[in-house]
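Have the model open, and try each task before you read its solution.

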Amino acid sequence: MISDGKSKRARLETEFFVYEGEIRESEMEGKGRMKFNDGSYIEGEFLAGDLHGEGKYYHADGRVVIGKYVHGSLQGLVREIDGDGKDIFVGYYQDSQRCGHGKLVTECGTYIGEFKEGEFHGKNNRFLYPPISGEPPGYISLVGEWDKGRMISAKAFRAHKIGESGSPVGEFEYKEDVSTSQRISCHPLVKDIFEDSLVEVRPSSIGPNAGDGLFAKVDL
């Protein structure tokens with residue numbers, strides 16, 4: 001244990017974590033690192049035993065969450081990055097959950113809009129599909145209402161640049177459509193706007209009796 005007269009540097013071990021850093025009056029206070037059993041750890045500022053101030057949470061899967069803690073709770077503007085340093089989420093937190101305006105990047109697409117209690121939630125929210133190859137590239141999005149991560153209703157738009165609102169694609173309003181054991185969809189003949197931009201059905205060139213085939217419109 002090392003002391004500077006006010007705070008001391010020490011190692012504290014519990015059933016759930018190991019703390020290495022500054023302590024004062026037997027509590028974590030000052031700069032330190034808290035390492036958990038799964039290999040993840042937090043580096044940041046502590047006050048009276050709680051995370052309080054700037055902190056970085058290094059998850060075991062390589063993700064890093066960067067933000068400000070208030071008495072143990074992540075609050076305000078937060079940045080989440082993956083193991084390669086690419087943004088996963090940039091936006092606001094409340095009580096350690098995504099809450100407020102933010103941008104979430106996933107393998108399926110990008111969510112831009114309001115979040116509540118960790119879920120995509122609000123009106124005029126936008127889901128942006130992955131870009132479509134071509135010159136210039138195209139961007140298709142759904143803009144509408146989401147409730148606790150579920151799309152309630154939305155309309156399709158297409159833009160040439162990311163960040164543009166784009167132009168409406170038809171008048172159809174997409175709604176939540178959950179498959180059941182009796183039906184796949186309430187609107188089985190409605191085209192998937194993203195899929196329709198990538199592939200098309202046309203007669204096969206294999207032979208006269210081959211029927212129709214599925215062909216790519218763009219390089220996939």
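**Exercise 1.** Classify D61 by exposure, then find its salt-bridge partner.

*Solution.* Start with D61: its relative accessible area is 54%, so D61 is exposed (exposed means over 50%, buried under 20%, partly exposed in between, with a 1.4 Å probe and protein chains only). Next, look at its side chain, which meets that of R63 in a salt bridge at 2.9 Å, N to O (a side-chain nitrogen of Lys or Arg within 4 Å of a carboxyl oxygen of Asp or Glu). Finally, check R63: at 29%, this residue is partly exposed.

A word on the ground rules: this is a predicted model, where local features need pLDDT of at least 70 and side-chain atom pairs count only at pLDDT 80 or more, while totals for chains, interfaces and linings use all residues. Residues are numbered from 1 along each chain as its sequence is written, and side-chain values use heavy atoms, leaving out hydrogens and water.

**Exercise 2.** How exposed are D87 and R79, and what joins their side chains?

*Solution.* Take the accessibilities: D87 has 38% and R79 has 36%, so D87 and R79 both count as partly exposed. Then take the contact, a salt bridge of 2.6 Å, N to O.
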